[in-house]
Structures are given as structure tokens and as C-alpha cells.
Amino acid sequence: MTDTAVRPAPTYARPARRRSPRRAGDLTSYAVLGALALVVIFPLIWMLLTSVKTDADAVRNPYALPDPPSLEAYQTLLLSGQQPIFLWLWNSFAAATLQTVLILVTASMAAYALARLEFAGRNIVFGLIIATLLVPPVVFLIPNYLLVENFGWLDSILAITVPGAASAFGVFFLRQFFLGIPPEIEEAARIDGAGDFRIFFQVALPLARPALATLAVLSFLGNWNDFLWPVYVLLSPENMTLQPGLAMLQGAFRTHFGIVMAGAAIASIPVLILFAFAQRQIVDSVAGAAVKG
């Protein structure tokens with residue numbers, strides 16, 4: 001009986017795993033999006049860091065971490081009573097809410113009429129509305145001021161809400177959404193005996209809820225962040241909104257960076273809350289527009 005040598009099992013080198021082009025493209029996309037996100041987030045981080053610095057620390061080390069963090073700016077702004085910050089917040093919230101409601105009412109009715117109703121000159125009217133989007137808003141500054149002055153609305157909430165209630169962008173945005181609604185739905189309601197107003201309120205508006213939510217957020221932000229127009233029409237400090245009020249925190253020869261950034265941080269809180277509640281509707285509106293497109 002002869003001994004047989006035990007041969008070792010053959011070994012095979014594993015081929016190098018190649019990175020698929022699709023995965024490499026995804027990583028590149030994530031890297032680019034991450035870099036863009038940092039560019040967007042950096043000013044917010046810098047704002048928050050500056051708001052917890054003293055004036056001397058903010059001037060000496062503008063981009064360094066606060067050492068140590070201080071809530072002096074928030075205490076001065078909220079507790080000292082030197083500036084009516086809560087009154088400015090209320091004025092901004094009331095003005096932005098009122099103008100948003102007015103825009104939703106006027107834009108939805110005009111958009112539905114231009115999308116569904118047949119009348120002479122419909123395309124001309126829509127073209128004129130779109131043409132106003134090409135005009136710089138500053139051109140309307142003097143005419144709007146004269147109108148507000150003649151109506152006696154200076155230094156009131158009506159001055160910063162009514163002139164912007166006719167939104168050409170809102171009409172265009174909602175009209176495109178109404179055009180995407182299948183006409184068969186409205187025809188079925190008309191067969192059941194519904195008129196134009198009933199179809200508008202009970203059929204078209206519920207279907208346009210994502211678009212209405214998106215327009216509401218954009219309208220609220222537009223009024224909330226408006227600075228130039230309130231400066232011209234609001235005269236007394238107690239009637240000012242938040243944006244021109246924050247500008248008053250800057251002195252003629254010295255700027256309190258911590259207080260200004262603390263005010264900016266407080267001004268961003270309602271906007272973030274609004275976006276958190278309306279985020280789902282905004283995503284649904286964008287996704288629906290993409291599917292229809």
C-alpha cells in the first residue's frame with residue numbers, strides 16, 4: 001500500500017471588484033449635493049454662532065466658535081424692553097397671514113377662470129398678467145405709494161398687504177395646475193347639476209390643495225422677508241414689521257452683531273415651523289407637476 005501525497009486545494013485569486021459606473025455616479029452626485037448643502041447651511045451656522053457671542057468676540061473672531069457662549073444678545077433683545085421685538089413679530093405674522101389669504105383667494109379664482117371658463121380675450125388677459133412678471137417690482141414702488149397715501153393706509157397693516165394681494169405668479173402657478181386636472185371630473189359634476197361656483201369650491205380647490213399650500217408658503221415668505229416696501233409705508237416703530245425693525249438695531253457708527261444675528265435667528269423660527277407643516281404638500285405639488293410634465 002503506497003502513501004499518496006495530499007495535494008493542497010487549488011487557490012483562485014478573486015477578481016477585483018469593479019465599481020459600477022452607476023454607483024460611482026451616485027457617489028459623485030452625493031458629494032456635489034453635500035458640498036452645496038454646506039454652502040447653504042454655513043450662513044445659518046454662522047448666524048447662530050454669532051448670536052451667542054459678545055460684540056467684542058464677534059468683531060475679534062467673526063468665524064471662530066464662541067468662547068464661552070453668551071446669551072447676552074437674546075437677553076437684550078427679548079428681556080430688556082429696549083425694542084418691541086414681540087410687537088414686530090406679531091405685525092409681521094399678521095401682515096404675512098393676511099396677504100397670503102388675499103393672494104390665495106384672488107389668484108385661485110382668477111386662475112380657474114383663465115383655465116376653464118371660455119370668454120373673449122382670455123388669452124390676452126393671461127398674456128398681460130404674465131407680462132407684469134417681466135417688470136421689476138421697484139417700478140411699482142411710487143404708484144403703489146401714491147395709491148396707499150390716497151386711500152389713507154399709510155402706517156397701517158393694509159399698506160403692506162393689499163398692494164401685493166394681486167399675485168401674477170400665483171395666477172400663473174395655479175392656472176397651470178388647474179389645466180392639469182382632468183376635465184372629465186368637472187364634466188361629471190356638471191352632469192350631476194353642479195354649477196361653476198360649486199365645481200370650483202367642491203371639486204377644483206380640493207384637488208389643488210398641494211398647489212395652494214405651495215403658493216401659501218411662497219406668499220408668506222415673500223411678505224415676511226419684505227424690507228423695502230415696509231420701510232416706505234410704515235412710519236412709527238410700533239407699527240413696523242420684523243425686517244425693518246431689525247435694521248433699526250444697527251447704529252449709525254456701531255453695529256451690535258450679536259443682537260442683529262439673534263433677531264435674525266428669531267425671525268427664522270416661524271418660517272421653519274411653516275415649512276415643517278407644509279413640507280408634505282409642497283413635495284406632493286412638485287411631484288404632481290413632474291408627473292404631468
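Thr50 is found in helix α1, which covers residues 21-51. The model is predicted. Its protein chain contains 13 helices and 0 strands.

**Overall chain**

- Along the sequence the protein chain reads α-α-α-α-α-α-α-α-α-α-α-α-α.
- Of the 293 residues in the protein chain, 32% are buried.
- Taking contacts between residues at least 6 apart in sequence, 70% join residues at least 24 apart.
- The protein chain exposes about 19,000 Å², and 68% of that area is supplied by carbon and sulfur atoms.

**Helix α7 with helix α10**

- Helix α7 spans residues 168-179 and helix α10 spans residues 209-224; their axes come within 10 Å and cross at roughly 165 degrees.
- Angles over 145 degrees count as roughly antiparallel, and α7 and α10 are therefore roughly antiparallel to each other.
- The crossing in which α7 passes α10 is right-handed.
- On the α7 side the contact is made by Phe169, Gly170, Phe173, Leu174 and Phe177, and on the α10 side by Ala211, Leu212, Thr214, Leu215 and Leu218.
- By class, the residues of this contact of α7 with α10 are 8 nonpolar, 2 polar and no charged.

**Helix α4 with helix α10**

- Helix α4, residues 85-116, packs with α10 at an angle of about 140 degrees, and the axes are 8 Å apart.
- The two helices α4 and α10 are therefore oblique to each other.
- The crossing of α4 and α10 is right-handed.
- From α4 the contact draws on Leu89, Ser92, Phe93, Ala95, Ala96, Thr97, Gln99, Thr100, Ile103, Leu104, Ala107 and Ser108.
- From α10 the partners are Leu212, Leu215, Ala216, Ser219, Phe220, Asn223 and Trp224.
- The contact of α4 with α10 has 12 nonpolar residues, 7 polar residues and no charged residues.
- Leu212 and Leu215 of α10 take part in the contact with α4, and Leu212 and Leu215 are also among the α10 residues in the contact with α7.

**Helix α9 with helix α10**

- The axes of helix α9, residues 196-207, and α10 come within 4 Å and cross at roughly 70 degrees.
- Angles of 65 to 115 degrees count as roughly perpendicular, which makes α9 roughly perpendicular to α10.
- Leu205, Pro206 and Leu207 of α9 meet Arg209, Pro210 and Leu212 of α10.
- The contact of α9 with α10 divides into 5 nonpolar residues, no polar residues and 1 charged residue.

**Arg209**

- Arg209 belongs to helix α10, and Arg209 is one of the α10 residues that meet α9.
- Its relative accessible area is 52%, so Arg209 is exposed.
- Arg209 and Gln281 are 72 residues apart along the chain, and their C-alpha atoms are separated by 7.5 Å.

**Two buried threonines**

- Thr50 has a relative accessible area of 4% and is therefore buried.
- With neighbours within four places in sequence left aside, Thr50 is in contact with Ala58, Pro62, Phe257, Gly258 and Met261.
- Thr241 lies in the loop between α11 (228-233) and α12 (242-247).
- Thr241 has a relative accessible area of 6% and is therefore buried.
- With neighbours within four places in sequence left aside, Thr241 is in contact with Trp88, Asn91, Ser92, Ile160, Pro230 and Leu234.
- Ser92, one of the contacts of Thr241, is also among the α4 residues that make the contact with α10.

How values were computed
Residues are numbered from 1 along each chain as its sequence is written. This is a predicted model: local features need pLDDT of at least 70, side-chain atom pairs count only at pLDDT 80 or more; totals for chains, interfaces and linings use all residues. Side-chain values use heavy atoms; hydrogens and water are left out. Axes are lines fitted to C-alpha atoms, for helices over the stretch in contact, and angles run from 0 to 180 degrees between N-to-C directions. Angles under 35 degrees count as roughly parallel, over 145 as roughly antiparallel, 65 to 115 as roughly perpendicular and the rest as oblique. A crossing is left-handed if the near helix is turned anticlockwise from the far one by less than a right angle, and right-handed if clockwise. Contact means heavy atoms within 4.5 Å. Ala, Val, Leu, Ile, Met, Phe, Trp, Tyr, Cys and Pro count as nonpolar, Asp, Glu, Lys and Arg as charged, and the others, Gly among them, as polar. Buried means under 20% relative accessible area, exposed over 50%, partly exposed in between (1.4 Å probe, protein chains only). Accessible areas come from the Shrake-Rupley method with a 1.4 Å probe; for residues, only the protein chains shown count as cover.
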